[in-house]
Amino acid sequence: MSYAVTLIPGDGIGPELADATRNVLEATGLVFDWDIQLAGEATIATEGTPLPERVIDSIRRTGVALKGPITTPIGSGFRSVNVGLRQALELYANVRPARSLVGVKTRYTDVDLVIVRENTEDLYAGIEHRVGPDAAESIKIITRGASQRIARYAFEHAVRNGRRKVTAVHKANIMKLSDGLFLESCQQIAAEYDGRVAFEDRIVDNMCMQLVQKPELYDVLVLPNLYGDIVSDLAAGLVGGLGVAPGANIGDRAAVFEPVHGSAPKYAGQDRANPTALILSAALMLRHLGETAVADTVEGATRAVIAEGRTVTYDLGGTAGTQAFGAAVAERVRDAR
Ligand code: NAD
């Protein structure tokens, strides 16, 4: 049996990270039928768009994509490929685990968070306008449907992964109607999981302070779009930053797995960038495909190579290249089979 997966190498450091990650995935013994789809800077020149329709068609067909970062051209009039994919495929949940890694120097050793961010509405719905020359207005959209959908996703994620608690994050003390509706929707869904997964809520400013002071108290966080964007970067910072932060965008019919970081153009083509975030995103993809044991192996191998510290990239204090790191992880995966 083989898994059909759309592979979008992306641009900048993306293609080299994709090579290293494929090397790891192929060491698992699973068979992948890769549908390689170019998108980004290169296709602007050849196809007039960074996100050709064929890319979306491919993901609709396979249901799963592994994606490298893509440069968002500034001021070119092209919208972000990431936003385009999210909208076209209705990827309503942005999921970012943040777990401490032995060997990555940070202030914390025991962080294990999953940030579940609503991905379709809030101030990111893109409804804003100028009100005369000296004022502007952005509209914050919160609906019960989208809020309940993301809350249910957070609770289901908790149940599937043996997590103990979901914390809803909001500012309902000030935005009583919009954030109030988000909180109420989370409370309604929480009642269905009573006795299985604990529930609590926190005001977003207080949540930020607590995450910095005692992140070990928190488990799964569910947030509307804007707070989710900000708090997920905070969480990535707690565990070592961009090079090691994986992510997933999940919808009912398709899912796209990608690192949190961008295309880091200054490192492109130098075999220097850290592929950990894409490899860990691939592990999330394996979990999504139901390959839990293989996902554990890939994660374990990645963590072991980092903990050992001999074959790590510059950002983790080493001198190894992107492909050497990927090869070291792949070797451990093979040994573990
Ligand atoms: P960036 O994440 O690309 O890079 C910022 C810095 O972080 C880099 O200069 C580098 O020092 C470090 N870094 C990032 N990834 C790394 C890795 N894997 N290994 C080692 N170091 C790493 O952010 P940016 O410079 O703000 O954005 C560059 C481009 O990427 C922009 O066009 C932006 O729009 C795009 N972007 C794309 C995505 C995506 O495709 N999902 C996400 C964020 C940014």
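In the predicted model, an oxygen atom of the ligand lies 3.2 Å from an N or O atom in the side chain of N82, a polar contact being a pair of N or O atoms within 3.5 Å. Backbone atoms also take part: an oxygen atom of the ligand is 3.0 Å from a polar backbone atom of S263, and one is 2.7 Å from a polar backbone atom of A264. The protein covers 70% of the 810 Å² of accessible area that the ligand has on its own (Shrake-Rupley method, 1.4 Å probe). Among the 21 residues around the ligand, I70, G262, A264, N274 and Y314 come nearest, a residue being counted if one of its heavy atoms lies within 4 Å. This shell comprises ten nonpolar, seven polar and four charged residues, with Gly classed as polar and Tyr as nonpolar.

Residues are numbered from 1 along each chain as its sequence is written. For this predicted model, local features need pLDDT of at least 70 and side-chain atom pairs pLDDT 80 or more, whereas totals for chains, interfaces and linings use all residues, and side-chain values use heavy atoms, without hydrogens or water.

Ten strands form an open sheet of mixed pairing in the order β2-β1-β3-β12-β11-β4-β5-β10-β8-β9 (strands are DSSP E runs of at least two residues, helices H or I runs of at least four; pairing requires at least two bridges). The twist from one strand to the next averages 25°, with axes fitted to C-alpha atoms and angles between N-to-C directions running from 0 to 180 degrees. Helix α1 (residues 14-26) packs on the sheet, touching β1 (2-8), β2 and β3 (64-67), and its direction makes about 155° with that of β2; contact denotes heavy atoms within 4.5 Å.

Methods
A polar contact is a pair of N or O atoms within 3.5 Å; within protein, one must be able to donate a hydrogen and the other to accept it, and residues adjacent in sequence count only if both atoms are side-chain atoms.
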